[in-house]
Amino acid sequence: MSICIDLHLHTNRYSPCSSIEPEQMVRQAANIGLDAAVITEHHHQWSEEELAALVEEAGEPNFLLMTGFEYCSAQGDFLIYGLTEGAAFGFEPGLAPESVVEQVHWLGGACIAAHPTRAGMSFDERIASMRLDGIEVQSINLKEHEQRLAMGLASNLNIPASAGSDAHQLQHVGAYATVFEEPIQSMADFVAALRGGRFRPVDGAAARLRGRKAVGDSR
Ligand SMILES: [Zn+2]
Ligand SMILES: [Zn+2]
C-alpha cells in the first residue's frame with residue numbers, strides 16, 4: 001500500500017497569495033490520484049468542520065483532507081501538523097526557529113522545514129541542531145539547484161526528506177508529493193508516520209499519479 005499525499009497547499013480562502021478555490025483544489029487532488037491532501041495556509045489552520053464541509057461541497061466526501069499551517073519563524077518557514085486549533089492559533093509569528101520545533105513536539109505535532117534552501121528564505125546554521133521531522137526538498141517554489149541543495153542538507157543532517165507542491169495555482173496541485181507505505185486515515189496516523197520518519201518524496205508526482213489513475217486505481 002502506497003499512500004501519496006501533497007503536504008503543502010494554499011487556497012484563496014485563507015492565503016491571499018493563492019488563487020486556488022478550495023473546492024477546485026479538492027476535486028483536482030482527487031482527480032489526479034492523490035490519496036490525501038493537507039492544506040497549509042499561512043498562519044491559519046482550518047477547522048475540522050470546515051474540512052468536512054469542503055469535501056462534501058466538492059463532491060468528494062471520501063477524500064482524506066487534512067490541515068496544518070505554514071509558520072514563519074524568525075529564520076525560516078515551517079510546515080506544522082497535528083496541533084489543536086487553539087494551539088495552532090496560539091503560535092505568534094516570528095518565534096526563534098529552534099523553539100518552534102520544541103513547542104510543536106511538546107504539543108504532540110510534527111514539524112517540517114519548508115523550502116529550506118529557497119533564496120532569501122533559508123534557515124541559518126541552527127537548522128542542524130533542531131529536531132526536525134522532515135526537510136522539504138521539492139516544491140514548486142524550489143528551483144532545481146535549490147532542490148539539490150535541500151536534498152544534500154537532508155542527507156547531511158540525516159533528516160528524512162519530504163515533498164509537497166506549495167501550490168498557489170490550481171495546475172500545481174500534486175506537482176510534488178510524499179509517499180507513505182502504511183495506511184494513513186487520520187491526522188493521528190499522519191503525524192505518527194511523520195514523527196517516525198516513515199516517508200519519502202515521490203519524484204514527478206503529478207505525472208506518475210496521472211499514470212496510476214489511467215491504468216486503474218490498484219490500491
Ligand atoms: Zn503563499
Ligand atoms: Zn507555502
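User: How many helices and strands does the chain have?

Analyst: Helices (H or I, at least four residues) and strands (E, at least two) are DSSP runs, numbered from the N terminus. By that count, the chain has seven helices and nine strands.

User: Why is the chain as compact as a globular protein of that length?

Analyst: The radius of gyration is taken over C-alpha atoms, and the globule rule is 2.2 Å times the number of residues to the power 0.38. For 219 residues the rule gives 17 Å, and the chain is as compact as a globular protein of that length because its radius of gyration is close to that, at 16 Å.

User: In what order do the strands of the open sheet lie?

Analyst: Two strands pair if DSSP finds at least two bridges between them. The sheet is open, has nine strands and shows mixed pairing; its order is β7-β6-β5-β4-β3-β2-β1-β8-β9.

User: Which are the edge strands?

Analyst: Look for strands that pair on one side only.

User: Is the pairing of β1 and β2 parallel or antiparallel?

Analyst: Leucine 9 has isoleucine 39 in β2 as its bridge partner. There are three bridges between β1 and β2, and the sense is parallel.

User: Which residue in β9 is the bridge partner of valine 179?

Analyst: Let us follow the bridges. Strand β1 (residues 3-9) runs antiparallel to strand β8 (residues 177-180), with three bridges, and cysteine 4 has valine 179 as its partner in β8. β8 also pairs with β9, in the antiparallel sense over three bridges. There, valine 179 has as its partner arginine 200.

User: How many bridges pair strand β3 with strand β4?

Analyst: Strand β3 (residues 64-72) and strand β4 (residues 77-81) are antiparallel partners. One place to look is cysteine 72, whose bridge partner in β4 is aspartate 77. The number of bridges between β3 and β4 is five.

User: How many residues of β1 are buried?

Analyst: A residue is buried if 20 or more other C-beta atoms lie within 10 Å of its own, exposed if 12 or fewer, and partly exposed in between, with C-beta atoms placed from the backbone. In the chain, buried residues make up 51% of the 219 residues. β1 is mostly covered, and its buried residues number seven of seven.

User: What do the buried residues of α1 pack against?

Analyst: Helix α1 spans residues 22-31, and its buried residues are Pro22, Met25, Val26, Gln28, Ala29 and Ala30. They pack against β1, β2 (36-42), α2 (48-57) and β3.

User: Which residues have the most contacts inside the largest nonpolar core?

Analyst: A nonpolar core is a set of buried Ala, Val, Leu, Ile, Met, Phe, Trp, Tyr and Cys residues joined through C-beta atoms within 7 Å. The largest one has 66 residues, and those with the most contacts inside it are Ile5, Leu34, Ala37, Phe78, Ile80, Cys111 and Ile135.

User: Is asparagine 158 buried or exposed?

Analyst: Asparagine 158 sits in the loop between α5 (144-157) and β7. Its phi is positive, about 60°, although it is not a glycine. Because it has 7 C-beta neighbours inside 10 Å, asparagine 158 counts as exposed.

User: What positive phi does histidine 43 have?

Analyst: Histidine 43 is found in the loop between β2 and α2. With 15 other C-beta atoms within 10 Å, histidine 43 is partly exposed. Although histidine 43 is not a glycine, its positive phi is about 55°.

User: Over which residues does pLDDT stay under 50?

Analyst: pLDDT is the predictor's confidence in each residue, from 0 to 100. The chain's mean is 92, and 92% of its residues reach 70 or more. Where pLDDT is low, the predicted coordinates should not be read in detail. The stretch where pLDDT stays under 50 is residues 213-219.

Conventions
Residues numbered from 1 in each chain as written. Chains lettered and ligands numbered in written order. Predicted model: local features only at pLDDT ≥ 70, side-chain atom pairs only at ≥ 80, totals over all residues. Contact = placed C-beta atoms within 7 Å.
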